[in-house]
Amino acid sequence: MRNIRILLLVLLFGLFIGCSKDSDDSIEKEEKVVDKSANLQGTGDSANDILSNDKFTKLLIEIAYVDGFEPTEEAMESFVLFLKERTFKQDIELKYTKLESPDEENLTLEEIAELETDNRTVYNDGETLAVYIYFSDAPAEGDDEEVGLVTLGAVYRNTSMIIHEVTVRKLAAQRLFVTDADVENSTLNHEFGHLFGLVDLGTTPVNDHEDVVRDENGEPILDEKGNTSGNSHCNVDGCLMLAELQFNGGFTNKSSSLTSKGTNAITSACSLSGNSLLKLLDSKTAKNGLPEPPNLDSECLLDLKNNGGR
Ligand SMILES: [Zn+2]
Ligand SMILES: [Zn+2]
């Protein structure tokens, strides 16, 4: 009898060890499944995957926001509509993640990328393409409010974007008829235009309409061979991807991101300038006094169609 009891105990113990070992294994397996590499590519590298349904049929967008800096519902609705109009993705899910403030006076791109590493929970999985957008309570490093040079948002990877929500709200407050939603929506759509690969940033232009890198006086900057270089923006007046919308008139350009490719420095393909966007919204103000959101011109639309979009 005593032997049987011992045998039972041994068996039970064995069973317990077996079970706990199994659960350890499954945790390990779960961790291995998350492959982040597909979401750590350069801006525009996933243009075709975002526009077409060839590889991915669903778009999962994580809206990570610092508590109190959530984007307006109105802007998110228009943004999803914009995505459905320009891409073949009709299954689009927004996942809201509330975050603590990092308590920073301003944020560099490196800090923004680090925060993403800590906080991002969505990555490509099967037929789902994941995008991460961070709504921050801190402005971009280098903003100069006194002379009106402020950054609203930036893209720095194939599926990553930052919106400086604190700056968006300050800017919208400067105009009676411009709402937070107007500025949020224009910023989201412009920066997402770069994730679509505009202009010549992963989506080859059908006709040449890319603007060139210019100096402070608006003159094209030439290299040693006398050639201009493109600045990833559009040269058609009134277009959502217009070059003037870029912070500092577009000094962050392709050549600078090329030189830093060898190092692991994070560069932004575009930082959206607050004042330029206000100017564009002013010029788009309709007769009823309300601003109309800037749209893509026919050249940009043609490029998207040609690379798998609508
Ligand atoms: Zn841009
Ligand atoms: Zn355009």
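At what angle do the axes of helix 3 and helix 6 cross? Before answering, a reminder to myself that this is a predicted model.

**Entry 1: helix 3 on helix 6**

I looked up the axes of helix 3 (residues 73-86) and helix 6, and they come within 8 Å and cross at roughly 30°. Angles under 35 degrees count as roughly parallel, so helix 3 is roughly parallel to helix 6. I noted the handedness too: the crossing of helix 3 and helix 6 is right-handed.

Helix 3 puts in E74, A75, M76, S78, F79, F82 and L83, while helix 6 brings A181, E184, N185, L188, N189 and F192. Sorted by class, I get 8 nonpolar, 3 polar and 2 charged residues for the contact of helix 3 with helix 6.

**Entry 2: helix 5 on helix 6**

Then I checked helix 5 (residues 165-172) against helix 6 (residues 180-195). Their axes come within 8 Å and cross at roughly 130°, which makes helix 5 oblique to helix 6. This crossing of helix 5 and helix 6 is right-handed.

The contact uses E165, V168, R169, L171 and A172 from helix 5, plus D180, V183 and E184 from helix 6. Its class count is 4 nonpolar, no polar and 4 charged residues. I also jotted down that E184 of helix 6 is listed in the contact with helix 3 and in the one with helix 5.

**Entry 3: zinc ion (ligand 1)**

Which residues hold this zinc? I find H190 (NE2), H194 (NE2), H233 (NE2) and C270 (SG) coordinating the zinc ion (ligand 1), at 2.0 to 2.1 Å. The angles among the 4 donor atoms run from 102 to 116°, and the site is tetrahedral. Along the chain, the donors of the zinc ion (ligand 1) are spaced H-x3-H-x38-H-x36-C. H190 sits in helix 6 and H233 in strand 7, so this pair ties together parts that are 43 residues apart in sequence.

C239 is in the loop between strand 7 (230-234) and helix 7 (254-259), and D297 is in the loop between helix 8 (274-283) and helix 9 (298-306), so the pair ties together parts that are 58 residues apart in sequence.

Last stop was the loop between helix 6 and strand 6 (210-212), where V199 is found. The peptide bond from L198 to V199 is cis, and I noted omega near -15°. D200 is found in the loop between helix 6 and strand 6 as well. D200 has a positive phi of about 55°, although it is not a glycine.

How values were computed: Residues numbered from 1 in each chain as written. Chains lettered and ligands numbered in written order. Predicted model: local features only at pLDDT ≥ 70, side-chain atom pairs only at ≥ 80, totals over all residues. Heavy atoms only, no water. Axes fitted to C-alpha atoms, helices over the stretch in contact; angles between N-to-C directions. Helix = DSSP H or I, 4+ residues; strand = E, 2+ residues; numbered from the N terminus. Parallel < 35°, antiparallel > 145°, perpendicular 65-115°, else oblique. Left-handed = near helix turned anticlockwise from the far one by under 90°. Contact = heavy atoms within 4.5 Å. Nonpolar A, V, L, I, M, F, W, Y, C, P; charged D, E, K, R; others polar. Donors = N, O, S within 2.8 Å, 3.2 Å for Na, K, Ca; no water. Tetrahedral: all angles 85-135°; square planar, octahedral: opposite > 155°, others 65-115°.
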